[in-house]
Amino acid sequence: MNGGPAAPNRTGPSDGGPSISRRSALAAAAGLTVSTSGCIRQVRDILMPNNIQQLSLTITTLPADSDRQSIRLSRELADVFETVGINVSFDIRSPVDFHRTVLYDHEFDVWIAEHPGGTDPDFLYEALHSVYTDESGWQNPFGYTNLTVDDSLETQRQLEGEKRREAVTDVLEQVAIEQPFVPICIPDQHRAVRTDRFDWDERALATPQGYLGVDPAPDVSTLRATHTDSRPTSNLNPLAVDYRGEDPFVDLLYDSPATETADGEIEPWFARSWEWDAGTIDVRLRTDCPFHDGEPMTAEDVAFTYRFLANMRLDDAEAAAPAPRYRGLVEAVDSVEVVHRDRVELRIDAGRPVGERALLVPILPAHVWRERAGGANGPGGATIAQETAEAVATENVPPIGSGPFQFAERTEGEGLTLERFDGHFTLRSDVDLPAPTVDELTVRVDPPGAAAQRVVDDTADVTTSPLEANVVAGVDQSGSTRVLESPSWSFYCLGFNARDAPFSNPRFRRVIAQLIDKEWLVDEVFRGHARPVATPVTEEWVPESLEWNGTDPETPFLGTDGEVDEAAVESAFETAGFRYDERGRLRVRQ
Amino acid sequence: MLAEVLTQVALVIGILLPISVLVFIGRERLVRTRAEWRDRLRTNAPVIAVLLVVLLINRVARQTAPELSRKVGVHLTATFYNVEGEFILLFKSVETPELTAYFASVYVFGYTFLLIFPVIAYFMLSDTRTFRRLLAAYALNYAIGLVLYILIIAYGPRNVMPAELTERMLYDTNPQYQYLTREVNANTNVFPSLHTSLSATVAAFASMTRSAYPKWFPIAVVLAASVAISTMYLGIHWGIDVAAGLVLAAACVVLSDKLVGRWSLSDLFGDRFEGLSDRLPRLRREE
């Protein structure tokens, strides 16, 4: 026995020693794999003769009540994985639990769910940069580290125009080769709406602005929303990653300096205008805008917001605790200076397209959030667990924002009522922006199967949660109900925990990616209401090399019509350096 | 929608109850109960109070339990799925729209009726012990169930195999019922099946009282069995949950026998109840 990296001779089924659970094996191996000198490897081989065993992987995902497509994708893929000799189990968790497990605790092998994505490909900086592996939130939950990719991600942030497009293409191609996560498809966003009560803007509904500026029919003063996710009735904290999903409500409660359209354009909102000048954004704010509690919203609050998001402990610079949301946006801001009550200057370390995106953060009232600074200090001293910070843990009810709607009441698990905030600047005659057009916005939590029917029955005006793929075709559109389709950029994906072997190995990840028949899954699980993708960005950013051409150009499926070609997969895994035993089980060092 | 469903349930039960009272209980017992109901109520008051307290705790716990459960609970969905796999898809071979309609109505209406009728029927018996045991068994079912729900986090088959179950999933075919069930339960409360355990409890009592209510016994058994099967047929519970429900029912029936009549009110409250206890044999049990 020479302790070679593959050690193929000991992989037979006859070595029937006590099996070691994956976790304990990992824990034990962690101390030993730091160095891979031959000597230590030999010691390990003696200590743990069984550390090469059938690959077991757990798929962490959501239940059908929360996301029917995720659990269906998971089970279809589990079947494929089992076929090629991988032992699969599930970890099915509620949305809150799922996000805590994946984004805070990083306790998963692979997860399958929807990633929020972004209109601009810069979201990948937050999603994949290696400096974020130790943080909590959507910033690098994969634990993926690659200095070349880091470099490309940083480069595209500094550029503009065609140069940036080329740099983005570099990023996308590198990511497609590396497969830190496998993008599966971008689902269509369908919503059922009542056209006799409101005049909807189909494209705008992709963003929170879609609920503003909608012309109501005469006598209509309430916009009745039906939502399938109960989380907004429990928590309205813009920083709580575990509670924020695809709801527009928190964004309607808070203003940001600028807003983003469905096409990714950054437009003035609380900022009247701004000037970009070589790394500085000079922002002119609107005046006399109050928060919902009557306190004035000024440049101080804007500056506070950037400082707070960068470090929820404010003054304690030694153990900075950045907010788990908006991380990639705030990263571009080097410093903030209050020039005047209605004027702030942001020093930006990024090119204009990315730098201006820093204006998309919600403005937090300093007089409310300053008290929430800290809390991350445990009794035993400093901790960098961002999720335990008071600012993240608070449910933030009632929320004090400055947005076009203010909080009225809620019943946990059942509903939420927002009312028009009459002090909002969009209601001024000299401001030409979409304003709240109703007195009240009521949200009722309904089961996914019942939401569209409530619109048909005229007890709701809009399904704020996009419809599930299996109900889209069945919505009765004979009356005043219509199904609208809005642009979408969130994508379903399989995310690897690249902190652990074998998921840390890009060769392994690439073979897994080739087990996923995206085209077939889109038909089978999404009934065609999605488009398969090789790269997780909006269509205008997809480089020619990664365009979908009936199959994945980078990691084509090893098989046809959802059926894998076992021999091809076996040889792919073997080419990647993995072994099968004679019973067809994939054996790896875990 | 909840109001709509509640009205439906109230209507169905409102029709079924008077008919069953006439058919199963009979006039004679009604007349006697009319004469004795105050005394019986007094005797039964403590156990009624216990049941109400348990139900109230259940109600309150619905708000706080999820957070507690998240901290101390064990995730067992995958374990259940690994153990029994696609067992409940067995019912796919007998699936028809009529059967789906039958099981859906048994799950909602049959179950409610099954739980309420015995309370009335046993109140009509001169021997109040059966009534007290029944209520104690109900309370035990809910109390033990609540503890298990906090400790065990598991989703039912409908949350794991939506595509295979879609034709007969209760909430796909009758989404309105979900408004009712979510008032009672979170979707992670599947182990054990309280539908099964409470129905089986009722069937066990029906068997014990079949000399008093001979016609009720077969009806209760058929209904209870239907409820247990419906939970699997409709994709709400795993076979494991139903099995655990049966075990829980057995435990509660046995425990109710051991507990009821153990503590005497006259011991607890002195001789204020002396006069009452003269007429009530159970209060002298300890003597």
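This is a predicted model: local features need pLDDT of at least 70, side-chain atom pairs count only at pLDDT 80 or more; totals for chains, interfaces and linings use all residues.
Figure 1. In chain B, a cis peptide bond joins Phe191(B) to Pro192(B), with omega about 0°, and Pro192(B) belongs to the loop between helix H9 (176-184) and H10 of that chain. Most residues other than glycine have a negative phi, and most peptide bonds are trans.

**Figure 2. Residues other than glycine with a positive phi in chain A.** Asn140(A), which is not a glycine, has a positive phi of about 45°, and its place is the loop between helix H5 (123-128) and helix H6 (147-158) of chain A. With a relative accessibility of 0%, Asn140(A) counts as buried. Asp561(A) likewise has a positive phi, near 50°, and is a residue other than glycine; Asp561(A) lies in the loop between S25 and strand S26 (563-564) of chain A. At 61% relative accessibility, Asp561(A) counts as exposed.

**Figure 3. The surroundings of Pro553(A).** Pro553(A) is placed in the loop of chain A between strand S24 (530-532) and strand S25 (559-560), where, at 32% relative accessibility, Pro553(A) counts as partly exposed. When residues up to four places away in sequence are not counted, Pro553(A) touches Ala534(A), Ser545(A), Leu546(A) and Glu547(A). The C-alpha atom of Pro553(A) is also separated by 9.5 Å from that of Ala176(A), although the two residues are 377 residues apart along the chain.

Figure 4. The largest nonpolar core has 123 residues, of which Phe81(A), Ile86(A), Leu494(A), Phe573(A), Tyr122(B) and Trp216(B) touch the most other members. Helix H4 (residues 97-123) of chain B gives the most to this core, contributing 13 residues. Residues up to four places away in sequence being left out, Phe81(A) touches Leu57(A), Ile59(A), Ile86(A), Val88(A), Leu494(A), Ile512(A) and Leu515(A). Apart from this core lies another, of 109 residues, which includes Val193(A), Leu285(A), Tyr306(A) and Leu309(A).

Figure 5. Chain B has 14 helices and two strands, and 52% of its 287 residues count as buried. Among the contacts in chain B with a separation of 6 or more, 86% are between residues 24 or more positions apart. Thr196(B) lies in helix H10 (residues 194-208) of chain B and is buried, with a relative accessible area of 1%. Its neighbours within four places in sequence aside, Thr196(B) is in contact with Ala228(B), Thr231(B), Val242(B), Gly245(B) and Leu246(B).

**Figure 6. Packing of H10(B) against H12(B).** Helix H12 comprises residues 239-259 of chain B, and the axes of H10(B) and H12(B) come within 7 Å and cross at roughly 45°, which makes H10(B) oblique to H12(B). The crossing of these two helices, H10(B) and H12(B), is right-handed. On the side of H10(B), Leu194(B), Thr196(B), Ser197(B), Ala200(B), Thr201(B), Ala204(B), Phe205(B) and Met208(B) meet Val242(B), Gly245(B), Leu246(B), Leu248(B), Ala249(B), Val253(B) and Ser256(B) of H12(B). Sorted by class, the residues in the contact of H10(B) with H12(B) are ten nonpolar, five polar and no charged.

**Figure 7. Packing of H5(B) against H10(B).** Helix H5 (residues 129-151) of chain B packs with H10(B) at an angle of about 160°, and their axes are 10 Å apart; H5(B) and H10(B) are therefore roughly antiparallel to each other. The crossing of H5(B) and H10(B) is right-handed. Thr130(B), Arg133(B), Leu134(B), Ala137(B), Tyr138(B), Asn141(B), Tyr142(B), Gly145(B) and Tyr149(B) of H5(B) make the contact with Leu194(B), Ser197(B), Leu198(B), Thr201(B), Val202(B), Phe205(B) and Met208(B) of H10(B). By class, ten nonpolar, five polar and one charged residues take part in the contact of H5(B) with H10(B).

Note on methods. Residues are numbered from 1 along each chain as its sequence is written. Chains are lettered from A and ligands numbered from 1 in the order in which they are written. Side-chain values use heavy atoms; hydrogens and water are left out. Helices (H or I, at least four residues) and strands (E, at least two) are DSSP runs, numbered from the N terminus. Buried means under 20% relative accessible area, exposed over 50%, partly exposed in between (1.4 Å probe, protein chains only). Contact means heavy atoms within 4.5 Å. Axes are lines fitted to C-alpha atoms, for helices over the stretch in contact, and angles run from 0 to 180 degrees between N-to-C directions. Angles under 35 degrees count as roughly parallel, over 145 as roughly antiparallel, 65 to 115 as roughly perpendicular and the rest as oblique. A crossing is left-handed if the near helix is turned anticlockwise from the far one by less than a right angle, and right-handed if clockwise. Ala, Val, Leu, Ile, Met, Phe, Trp, Tyr, Cys and Pro count as nonpolar, Asp, Glu, Lys and Arg as charged, and the others, Gly among them, as polar. A nonpolar core is a set of buried Ala, Val, Leu, Ile, Met, Phe, Trp, Tyr and Cys residues joined through side-chain atoms within 4.5 Å.
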